[in-house]
Amino acid sequence: MTQTGLRCKLDGMTDLSDPRGARVRSLRVWSENGLDELTLGLLMCVLGGIFLPGYGLSKATFFGRNYALMSPFLEAACFLVMVFALKKVRARLIFPRTGYVVFRPAVSRIWMLLVFQGCAAVLAVGAVFWNSSLPDLSRAWGPGFGFVFAACLLWGGITYKLPHFIWLAGLALLLGGLTFAAGAKIDGALWVMVGVGFAMTSGGAWRMKRYLRAHPVLEGQHG
Amino acid sequence: MAELDRVIHEPARLQIVALLATVQEADFLYLLQATELTKGNLSTHLAKLEEVGYVEIEKAFRGKIPLTLARLTPKGMAALKSYRKEMTALLKVPKRSRASLTRSLAAARF
C-alpha cells in the first residue's frame, strides 16, 4: 500500500463508522505543538494567582479591603493580553510550521453543563435545608476541586489519547489531598488550580520547545 | 446497490475531504503537510474537488504572503456523509455476498 493509501485508510476509511475519529486524530496531532496546553495552564495560573493574594492580605489595609473589587478587572486584563499574545504566537511560530488551519468548534456539550449545573443546584438547595446538620465542609474545597480537575483531565486524556493528561489528573488529586492535609479552606481550591496550571504550563512549554526544534519553518507557497 | 461517488472514492481525494471535514478552513501548506502529497498532486486533486463543487478555494493574502484557503462546501460534506454511509453498508454485507461486494468495489475503482 502506498503512503497516500495508508494515510487515507487512517484518516478516512477506518473512521467510516465513526466520523468523530478523524476530528479526534486531527486535534491530537495538532496538540503536539503544546500551545493549547500552555495557554490553558497559564489561564489557570492567572486565575488562581490573582485570587490567591486576596486571602493573604490584611483587611486593615486599603489594598486588602479593595482587592476583591479589583481582582475581576485584573483577571479580564490578563485574559485579553493572553488572547492577543496567543494570536501572535500562533501566527509567528506555529502557522509557519504547520500551515494555516482553523478547526471547527467542538460539538456542543450543553448536556455536560446542564448536569454540572444540576449537581450544583442540588448541593446548594441541600446546603440551605440541612445547613445546621451538615459537618464543616470548608476543608473540602481543595479535594473537591482536585477531583473535578482530575475527572476533566482524565476525560480529555482518554478521549484525545493524551497520556500525560492522566499524570496531570493524578497531580490534581494529590494536590487536593495535600491541601486537605494542610487544613486549607477555600484557598485550597486556588492552590490546586495554580499547581495544576503550573504543571500544565511547564509541560506545554517543553512540548512547544521540542516541536519548534523538530519542525523547521515550511518553505514555498502555494498551489 | 448504490453507485459509489468516484470523486471521493479516490484515496488522495478521500484523504483531503476527510481532513477538510474536521476543519473550518485550511491553507494549501497545511494540507500539503497533513496529506504528504506533492504540490502538483494536491493542486490537481483540489482542482477536481473544486470543479464538482465539493471544495471552495479562496486565494488571499496574509500580509505579503499568498494564502490558498480550502473549505469543504455543504455539498462536499453531504457527499462525504453519503460515501461513509454507503461504504459502511457495503462492509456490513454478509459473507456469502462477498463476491458481489468485490465486484462492486472493482467496478467503482478506476
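Helix 5 of chain A and its setting

Reply: From its N terminus on, chain B runs α-α-β-α-α-β-β-α-α, where helices (H or I, at least four residues) and strands (E, at least two) are DSSP runs numbered from the N terminus. This is a predicted model, in which local features need pLDDT of at least 70 and side-chain atom pairs count only at pLDDT 80 or more, while totals for chains, interfaces and linings use all residues. Residues are numbered from 1 along each chain as its sequence is written, and chains are lettered from A and ligands numbered from 1 in the order in which they are written.

Chain B comes to six helices and three strands. Of its 110 residues, 37% are buried, meaning that 20 or more other C-beta atoms lie within 10 Å of the residue's own, with C-beta atoms placed from the backbone (12 or fewer is exposed, in between is partly exposed). Among contacts in chain B with a separation of 6 or more, 55% are between residues 24 or more positions apart, a contact being two C-beta atoms, placed from the backbone, within 7 Å.

Chain A, which holds the part examined here, has nine helices and one strand. Along its sequence the pattern is α-α-α-α-α-β-α-α-α-α. Buried residues make up 25% of the 223 residues in chain A. For contacts in chain A between residues at least 6 apart in sequence, 71% join residues at least 24 apart.

Helix 5 of chain A covers residues 62-98, which is 37 residues. From first C-alpha to last it reaches 50 Å, close to the 54 Å expected at 1.5 Å a residue (1.5 Å times one less than the number of residues). The helix is bent by about 55 degrees at Ala68(A), the angle being taken between axes fitted to the seven residues ending there and the seven starting there. A proline, Pro72(A), follows within four residues of that bend.

How much of helix 5 of chain A is buried? The number is three of 37 residues, so the helix lies largely in the open. Those buried residues are Ile94(A), Phe95(A) and Thr98(A). Their cover includes helix 3 (35-51) and strand 1 (101-103) of chain A, together with helix 3 of chain B. After helix 5 of chain A comes Gly99(A), which has a positive phi near 90 degrees.

The covering helix from chain B spans residues 28-35, and the loop between it and helix 4 (39-51) of chain B contains Glu36(B). Glu36(B) has phi near 60 degrees, a positive value in a residue other than glycine. Glu36(B) has 15 C-beta neighbours inside 10 Å, so it counts as partly exposed.

Lys161(A) is in the loop between helix 7 (141-159) and helix 8 (164-181) of chain A. Lys161(A) is partly exposed, because 13 other C-beta atoms lie within 10 Å.
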